[in-house]
Amino acid sequence: MTDVTSAKSARRPHHWRRDLVELAALFTAVAVADAVANLIGHGPDGPELLLGSAGVLVATAAFHTWWARRHSHAPPADEAAGADAADVGGGRGAAAAPAGQGGQPARETTLWRMRTTVRDAPGSLAALCTALARHDVDILTLQTHPLAEGTVDEFLLRAPAALPAHKLTREIAAAGGAGTWIERADAHDLVDTPTRVLGLATRTALDAAELPLALRQLLGRCTIHSRPALTLTGRPTGQTPPVEGMLEDKDTVMRLRDPNGGSITVERPYLPFTPTEFARARALVELDTRLGPRVPRSQDVLTLPEGNEITVRRADQSDLPAARAMHDRCSEQTLAKRYHGPVGDADRYLSHLLSPRFGRTLAVETASGRLVALGHLLWDGDETEVALLVEDEWQRRGIGSELLRRLTALAIEAGCESVYAVTRSSNTGMAAAMRGLGLPLDYQIEEGTLVITARLDMTPAVSPSPPVVA
């Protein structure tokens, strides 16, 4: 600090007028002191007056020192130490200190996602923040969605666990928020929006089957339906929206054009879509359109108990001829267990099943390249269906169980809460494969149709299997 002060003083300009005034004052003081000394010294009581004056000055100085020590304006030692510690902390205040430090127990908190609409006027957002601060609510992230009238503000909040949602909503309404919606959040919501959108775009770019899942994660809790442009009999469905997409039903239904033909419908009745969300969804669909059909080409070579090697890989519509050839080799009984309808219509479903827009398909090939089994994971709105078809000659070798384990692992990776299989009540092989997952199962039987639902809350049972199919 001394070096810095000296450097600053060295750079100051020299003021000769001030020096002249100080020198004149010094000479004046000396002259006055000499005159007073001569006047007192030559008087009859001069020495006594000088000694008395000196004593008075000493006494005054001693009294002043005593008084200053007794009535000091400095803070006590412990307070001064606390102030110094606060200064060292960087001046951020107590709110910046981690919970649980300083001997105080960490408070219990809850994460909330909240969305509310405010007037587009200065001070509106500040009023909301003030209302939240009064209840010790921390704002972790904030997004703004401009509307034609007003602005939708979306918050990620960390609030005291003792603060209920209805009280938080009431305080926001009192601060000017309208149409407030709130729900519990988790640690995944802590990722900032640009990072999350980039991650979803990457997943969509690598796999066309990811588009519906990416839209669901982008838009939150919603229902997504893919509608083909043509029915199984070749008739137009009339489900093709305009290229730019559209919002319907008070902005709670979003319709986008599917790059493969038809439409993708997203429904969220509890919360209207904002123009910002609509633009993000359109951008993902446009990315999918520009990249065209694509499926990851990874594959696994497994060995059956009898020593035959098979290859498990992802399938798409390029496998349609091989899938139809497998249909021709399957018995009517096998096709009836899989499709639950007229056997002659089985080929019509293949184009839909092999499309990555409606789910994911795994194919099993022999060493010679012959397609002998298909496993489908189909997006059905909020639910997910699994379906298997194994050629008669290759049944009861563990291929179906292997496909089912892999499809269930894909469903867990996609964030699905459950998967269900629909088959005939006489299909003991499918029932045994579902039990082999080791997951909680629910059974429903109606008019000879069996629906088995597996809850995906026990992931260890569906981890990738070893190279040998049991």
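A charge is taken to sit over a ring if NZ of Lys or CZ of Arg is within 6 Å of the ring centre and within 35 degrees of the ring normal. All views show a predicted model.

**View A. Arg-397 over the ring of Trp-394.** Arg-397 is placed over the face of Trp-394, 4.5 Å from the ring centre.

**View B. The aromatic pair of Trp-181 and Tyr-270.** The model contains 1 aromatic pair. Its members, Trp-181 and Tyr-270, are tilted, with 5.8 Å centre to centre and 35 degrees between the planes. The pair joins distant parts of the chain, 89 residues apart: Trp-181 belongs to strand β4 (residues 178-184), and Tyr-270 to the loop between β8 (263-267) and α9 (275-291). Trp-181 has a relative accessible area of 11% and is therefore buried, whereas Tyr-270, at 28% relative accessibility, is partly exposed.

**View C. Arg-221 over the ring of Tyr-270.** The ring of Tyr-270 also has a charged neighbour: Arg-221 lies over its face, at 4.3 Å from the ring centre.

**View D. Helix α7 and its buried face.** Helix α7 (residues 193-206) has 14 residues, which at 1.5 Å a residue should span 20 Å; the end C-alpha atoms are 20 Å apart, in agreement with this expectation. Thr-193, Leu-200, Ala-201 and Thr-204 are buried in α7. Viewed down the axis of α7, the buried residues fall within an arc of 100 degrees and so line one face of the helix. These buried residues pack against β2 (138-146), α8 (211-219) and α9. Leu-198 and Leu-206, on the other side of α7, are exposed.

Technical notes. Residues numbered from 1 in each chain as written. Predicted model: local features only at pLDDT ≥ 70, side-chain atom pairs only at ≥ 80, totals over all residues. Heavy atoms only, no water. Phe/Tyr/Trp six-rings, centres within 6.5 Å; stacked < 30°, edge-to-face > 60°. Helix = DSSP H or I, 4+ residues; strand = E, 2+ residues; numbered from the N terminus. Buried < 20%, exposed > 50% of the residue type's maximum accessible area, 1.4 Å probe, protein only. Expected span 1.5 Å × (residues − 1). Arc of directions from axis to C-beta. Contact = heavy atoms within 4.5 Å.
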